[in-house]
Structure formats: C-alpha cells, structure tokens
Amino acid sequence: MGLKDKIRTWAAIRSPWVAHVNSGSCNGCDIEILAALTPHFDVERFGILLKGPSRHADVLLVTGNMTLQARERVKRIYEQMPEPKFVIAVGTCPASGSVFFDSYAHMNGIDADIPVDVYITGCPPKPEAIIHAVTKLIKKVTHPEEIKKEKEELDRILIAEVEAERKRRQQRREEKEVTS
Ligand code: SF4
C-alpha cells in the first residue's frame, strides 16, 4: 500500500462515513440501522456519519438478500464509492439469503456481486451489533493480527463444542443400547 492509500485508509477508518442500501430487505434490518444512528447510541463518538450519496461514503451497509431487480443498482452504488471502501452485510439475508434462500428472485446473499468485509448475523441484528460491526471493521483495518487471533480462538472454541456435542450424542446412543 502506497503512502497516499495509507493516508486515505487512516482518514476513512478514523471517521467512517456510511451509506445504506437496501438490496431486497423486508425493512427489518433497515429500521435497526436507523435506530443505531439515533442520538441514543451516539455513533458520532466513533466518527460515524450517515451520508446520502455513496460517492461520499467509506462504508456501505447492505441489507437484504440480493434481488435480481436491485443487483445492478447495488453494484453501481458500490462502484461509485471512492477507495478505500468497505462493505458490511447487515443481517442474515445479505450473508446467506436467510428466509429468501433459493427464491426465484434472489441471489442467496450479496458476496457473489460485491466483496463483504464484515457480516452481522441476526434477523434483524440489534443496533448494538451494527455499531459493534463498524468498530470491528475499524479494528480489522488497524489491527488485522488481533482479529486473526480472535478468529482462531473462536474457531478453536467452535471445534471443541462440536467435538463435545459429538461425544455427548455417542454416549446417549450407547446408554440407549444398554437399556434396550
Ligand atoms: S435478516 Fe431478517 S430482518 Fe433483515 S432483511 Fe432479512 S428477513 Fe428482514
């Protein structure tokens, strides 16, 4: 990364201006984004500002499973954003399609069309989760090694949980066989 890009990234991440696009949401996630931007949560303490035109934004908040109708518009909005730019998928729909999975009108998530930096699960996610995602994005850019460590730790916990559950099921099966 050149010096110019480093300065741009530094500025973008210290005061991330966000734009919001609905790629086919039921409006549940959009309402939570609006709630997150109210003075109650005071997101301006992180430098977060909502911007109408995507040309002024650093971060694109995308809600909803990608509909065929919205697809080209969302891609155009993403292309209009200046570099460096980041995308946060808000809710389960833009991550996987959620309840609209395999519908004739949807793409099952948005990452086939635009790159996603952070996913927020939830249907819809709470405002706190949305704010947490933006701060995670900041950390991902400024301290990538910490995020990598966190991910490794989460993977380790998840694998241990899966293994423990497998053992519990095996034990239950064996107990059943003994009693029958
Ligand atoms: S994740 Fe849930 S609330 Fe959000 S757009 Fe999809 S269905 Fe609606």
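**Reading a predicted chain**

Student: How many helices and how many strands does the chain have?

Tutor: There are six helices and five strands in the chain.

Student: What share of the residues is buried?

Tutor: A residue is called buried when 20 or more other C-beta atoms lie within 10 Å of its own, and in this chain of 180 residues the buried ones make up 31%.

Student: Which domains does the assignment give, and what separates their centres?

Tutor: The domain assignment divides the chain into domain 1, covering 3–142, and domain 2, covering 143–180, and the centres of the two, taken over C-alpha atoms, are 31 Å apart. The C-alpha atoms of the whole chain, for their part, fill a box of roughly 70 × 40 × 35 Å along the principal axes.

Student: Which residues come nearest to the ligand?

Tutor: The ligand has 13 residues around it, and those that come nearest are Cys-26, Gly-28, Gly-91, Cys-93 and Cys-123. Two elements, helix H2 (28–36) and helix H4 (92–96), each give two or more residues to this shell.

Student: How many residues of the shell are nonpolar, polar or charged?

Tutor: In the shell around the ligand, six residues are nonpolar and seven are polar, while no charged residue belongs to the shell.

Technical notes. Residues are numbered from 1 along each chain as its sequence is written. This is a predicted model: local features need pLDDT of at least 70, side-chain atom pairs count only at pLDDT 80 or more; totals for chains, interfaces and linings use all residues. Helices (H or I, at least four residues) and strands (E, at least two) are DSSP runs, numbered from the N terminus. A residue is buried if 20 or more other C-beta atoms lie within 10 Å of its own, exposed if 12 or fewer, and partly exposed in between; C-beta atoms are placed from the backbone. Domain bounds come from an automatic or database domain assignment. A residue is near a molecule or strand if its C-beta atom, placed from the backbone, lies within 6 Å of it. Ala, Val, Leu, Ile, Met, Phe, Trp, Tyr, Cys and Pro count as nonpolar, Asp, Glu, Lys and Arg as charged, and the others, Gly among them, as polar.
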